[in-house]
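Thank you all for coming; I would like to walk through one structure this morning, beginning with a helix and then turning to rings and cavities. Please have the viewer open before we start.

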Amino acid sequence: MGNSASVKMNDKRRWQSESAMSPAPPAHCNKTGVPFSAVKQSQATSGGKCTYSEMERDRIGLWGSGDGQPTSGLSGLDHLKHPGLNKGMAFTIEERQLLGIHGLLPPRVKTQEEQVELCKLSIDRYENPLNKYIYLMGLLDRNEHLFYRFVADNVAEMMPIVYTPTVGLACQKFGLVYRRPRGLFITIHDKGHVYDVLKNWPETDVRAIVVTDGERILGLGDLGACGMGIPVGKLALYTALGGIKPHQCLPITIDVGTNTQSMLDDPLYIGLRQRRVRGPDYDELLDEFMRAVVRRYGQNCLVQFEDFGNANAFRLLEKYRNKYCTFNDDIQGTAAVAVAGLLASLRLTQKRLSDNVIVFQGAGEAALGIAELCVMAMKGEGTPEQEARCRIWMVDSKGLIVKNRPEGGLNVHKERFAQDHAPVRTLAEVVEVARPSVLIGAAAIGGAFTPEILRKMANFNEKPVIFALSNPTSKAECTAEEAYSNTDDRAIFASGSPFPEYRSKSGALFRPGQGNNSYIFPGLALGIICAGILDISDDFMLLAAEALAEIVSDDDLAYGSLYPPLHMIKDCSVKIAKKIVEHAYNTGKASVQPQPLDTEEFIRAQMYSVEYGAALPPAYPWPDNQPRVAII
């Protein structure tokens, strides 16, 4: 019996050590004590439909903010193999001896600072950005604390690798770079069993999910299951830039197929080899997914939708926004960061937002999201809604969006911005007619802002505002150099992808700001989690935009940057989260009670520390004057 128990314990520890994600194994029975096999059997006989009660929850209320890692069942090898526990050569000699790993590491003890320097030397050896990405993902798989410390200390250099633009290349080559599980794949074939798949994720204290169906990955199109690189990269930034604990983050890809033939023909493609499923089956899968998330992780688990196709993105946002804790970063996050840049630009142009005429190249998720938040901001300045909408001109693939357009192509979202004007076919013609002061590109059409268009903007405005927001860099509407050189260095420029510094003919130095969503979503998510917000309305998005604009300093503006330096992004996240939390309590949307006396201190107390903790549990003395019992 003892040997059997020992074998079982060793097997359990072996499972924990070799887990690709976390050592906490899932339970084997539901809360009623019914074996899951019986539940699966009942679902299998019900025609694939979900039959569990929607009233049942695995989690009710708010849990504590601990790391979720018990120390009682861990071996010394677990500390070496588990990325959340591993410290590499930073284990002290005492820790090595007491954990039974002495001799398994070289005798030298390193500091984390020395390890960070080694990481810098190692990654600099690679010239190919994809190889840098593979190195960083390998580091994340080995040593979480070191990965997040390295990224946090080198944000400007590492963010283009962890996320856009390199993550786009990683998604295209995901079958080549995939090494080990870093998230969940839920397929159309799992319909009726989504909750069972969620239970396979070893962590139960999940606070934030980023989910994609891979249909519109950046500006690259339908990459299907290879889109998993986006949720993984996004949640890595949740932790590195927002301090959300890694074990509380869950990347998910909904695989319903892909319509990209090159993916289906690729022998390295990792997803379902079928055309994309649409219609009722797709909707039922997404509905079941949202219910399963609530059942497993609670009503206040944040679900961020990422890189869904335009039609589904708007439709799902409207469907779920008042029922679940959810937002769409492509629509709302992009809107917040773009509006933050516009609000900061007002300090240079000395205008109100309502005084501008804005032309959009594109009328998809990002453009419509920005436009709607601009309307909300203009209304806050006292401008009537219809007047605000009339100041926004949108151009899609069929030309200017106008009422009763002969070419059609309008939906309910576009119709809200339809101008009472004759059809205009090209962007250049729209710029000539509208004479905008702000030009925003969000259609992933590289080079759309031609020198001719940029020169027109300079003719119409003393300080034209040019936002080339499309990703990756190859899809940018123009470069920073093109924007400055074609406007006599008078442009106020921001982009979605990073561009190098630019020196004008007069010798002035410009540091173009990157309107990266990473300025918004980590702080937004941190505030949502800290306050326990159950539904996310647009006032939180505008508040985040205003908070970010306030952080931009006069020195930033003097260098032509509408955003703070990237190395400040973690402090930006805390300040945005503070605004979110305070607004949540003021509007009665916070479920965490009581309200903290010091909001910022409370937020920082919940954040993940990149520093190594002690590998050994605390030891403390007990009194030795206890009564002694004589042994007979």
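This is a predicted model: local features need pLDDT of at least 70, side-chain atom pairs count only at pLDDT 80 or more; totals for chains, interfaces and linings use all residues.

Let me begin at a glycine: G243, which comes just after helix 12, takes a positive phi of about 75°. Residues are numbered from 1 along each chain as its sequence is written, and side-chain values use heavy atoms, with hydrogens and water left out.

Helices here are DSSP runs of H or I with at least four residues, and strands are runs of E with at least two, numbered from the N terminus. Of its 14 residues, 14 are buried, where buried means under 20% relative accessible area with a 1.4 Å probe, protein chains only.

Now to the rings, where rings of Phe, Tyr and Trp (its six-membered ring) pair if their centres lie within 6.5 Å, with planes under 30 degrees apart counted as stacked, over 60 as edge-to-face and the rest as tilted. The structure holds 14 aromatic pairs, and one of them, Y320 with Y324, is edge-to-face at 5.7 Å centre to centre and 75° between the planes. Both of those tyrosines, Y320 and Y324, are buried.

Which residues line the second largest cavity? A cavity, on a 1 Å grid over the protein atoms alone, is a set of points where a 1.4 Å probe fits but cannot get out, and lining residues have an atom within 4 Å of a point. The lining consists of F305, N312, A313, L316, L317, Y320, T326, F327 and N328, so we meet Y320 again, already described as buried. Helix 15 (310-320) supplies the largest share of this lining, 5 residues, and strand 5 (326-328) also gives at least two.

Technical notes: Buried means under 20% relative accessible area, exposed over 50%, partly exposed in between (1.4 Å probe, protein chains only). On a 1 Å grid over the protein atoms alone, a cavity is a set of points where a 1.4 Å probe fits but cannot get out, and a pocket is an open set with protein on both sides within 12 Å along at least five of seven lines; lining residues have an atom within 4 Å of a point.
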